[in-house]
Amino acid sequence: MKSIRKFGAQSAFAVVCAFGASQAFAVGVPAGTTIDNTASVSYSVGTVTSTVTSNTASVTVAEILDVVVTVQTPTVPVAPGAAQQVLRYRVTNTGNGPEPFHLVMNDVIAGDQFDPVAASPSIYLDTDNSGTLTAGDAAYVAGTNDPLLNADAFVTVFVVNDIPTAVADGNIGRSSLSAAARTGTGTPGTVFAGQGASGTDAVVGTTGATAIGTGEYLVQGISIVATKSQTVVDQFGGAKPVPGARINYTIAVSATGTGSATGVVFVDNIPANTTYLPGTLTLNSVSLTDGADADVGAFETTPAARVRVALGTLTQASGNQTVQFAVRINN
Amino acid sequence: MFEGNWKFIAAAIIACNFGSQAFAQTQGCISLKSVPQVEQEVVDANGKKTVQLVTATKVVPGVEVTWTVTADNVCKQPSDKVTINNPVPAHMTFVANSATNNPAADIAYSLDGQTYGTADQLTVQDNGTTRKARADEYKFIRWTFKAPLAPGAQAVAHFRALLN
């Protein structure tokens, strides 16, 4: 699973990276299932043929204890001093029987630049299944509402922290969630006799019946805002958006907050049913060539028709960066 | 409270067939028994590790179970054409080549319990084409013993299946 760190803001119109979350599957036949086997034999004595069946030999399927924790929000941008920041995790029962899981969060983790402060409460279950922390979500209380998961089922869990004020742009604070099978954990193969579903044995699987995921908060004091407006000029001197009319777009990009955003790139797709008018791309009233060359702007055709302008490093003091370009409505 | 009924209950328990693992079924001349086993590593007094087969009761998915079927001739006459048939148990997958280390019998497999063939002969229809059936598709295994079973002798068949 990739954890992506960006020291600086992304353009509001750029496509954001994809997070790889591993797909976890439960193993095997449900715990407690009885598997029967009956053999038969036929034979002849003289001219008489007979058939005999054996006893029914049975084995019972034992329960495997296994769990996987995945971080669904590996990096969450935060401002210094922000309260109630949330990391989202998924806890999946990858064993073959229903099992309650004990959850623990930890925010004192080596390798980061600050310790997020545990909010109170610090763990919530996504009771209303909305994917975000809402008033309908229950606070987790160990031993009271340990999530009981069937084989292959998962629960979404939120870890909530406050960010200290004495942090700098680009600082990272880690906060982890661990899950452990209540029946027991340990070396794979450890047996908890009779403690599995339907009274069968419970056996620790390859995960050790415990797992941990670690997400991080990234202090980002600066944010980028882009505001877009348009004017229409038709070929008859009016402002009707008819085929053949021209649309002039103006986008103002600015940074607010503390610190600086580096590598800011503005990208905007040419709207469907319109065609870019060559030579119309400008930045702060300076004309930019359409081709990819030494200047900061270009008109691109892959992966789609779009304009791109590199705005470099922006701070709040940089002020508005104005990008303009024009298209014609297709006939 | 149970004084008067005690003998009745005790007699009933003895008559029941508990723990069918341990008891063979006998009708006529063959006594047929089926036993599941799993491999277990055993360390002896010198620290040497060996793998032994022990009776299986509770098995986790992913483990191979060895099923052993024994046929004992309990009559005074030989039994001819002794043929043992074992369906691959539900939720289990037959392990390829695990039935064939038995020179006393010809082995055949079936997908439907009707048509039997060797591993080379058994075919299956797949999207309109005919191909050789895979070992994990076998549903029945049959051992046809080549020689008659003498009185007091035992024929053995065994195979391994993986718990899904």
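Which strand of chain B does strand 1 (residues 34-45) of chain A pair with, and in which sense, parallel or antiparallel? The views below are taken from a predicted model, in which local features need pLDDT of at least 70 and side-chain atom pairs count only at pLDDT 80 or more, whereas totals for chains, interfaces and linings use all residues. Residues are numbered from 1 along each chain as its sequence is written, and chains are lettered from A and ligands numbered from 1 in the order in which they are written.

**View 1. Strand pairing between chain A and chain B.** Strand 1 of chain A pairs with strand 6 of chain B in the antiparallel sense, over four bridges; strands are DSSP runs of E, at least two residues, numbered from the N terminus, and two of them pair if DSSP finds at least two bridges between them. Within this pairing, A:Val41 has B:Ile84, in strand 6 of chain B, as its bridge partner.

**View 2. The side of chain B that touches chain A.** Here 41 residues of chain B are in contact with 31 residues of chain A, where contact requires C-beta atoms, placed from the backbone, to lie within 7 Å. Strand 1 (25-27), strand 2 (30-43), strand 4 (58-59), strand 5 (64-73) and strand 6 (80-87) of chain B each supply at least two residues of this side, and strand 6 of chain B gives the most, with seven residues.

**View 3. An open sheet in chain A.** Three strands of chain A, in the order 18-23-22 and with antiparallel pairing, make up this open sheet. Its edge strands, each pairing on one side only, are strand 18 (261-269) and strand 22 (297-300) of chain A. Four bridges join strand 22 to strand 23 (residues 306-314) of chain A, and A:Glu300 has A:Arg306, in strand 23, as its bridge partner. For chain A as a whole, zero helices and 24 strands are assigned, helices being DSSP runs of H or I of at least four residues.

**View 4. The surroundings of B:Ser110.** B:Ser110 is found in strand 8 (residues 105-110) of chain B and counts as partly exposed because it has 19 C-beta neighbours inside 10 Å, the cut-offs being 20 or more other C-beta atoms within 10 Å for buried, 12 or fewer for exposed, and partly exposed in between. Leaving aside neighbours within four places in sequence, B:Ser110 is in contact with B:Thr115, B:Tyr116, B:Lys139 and B:Phe140. B:Ile141 lies 31 residues from B:Ser110 in sequence and 6.6 Å away in space, C-alpha to C-alpha.

Terms used: Contact = placed C-beta atoms within 7 Å.
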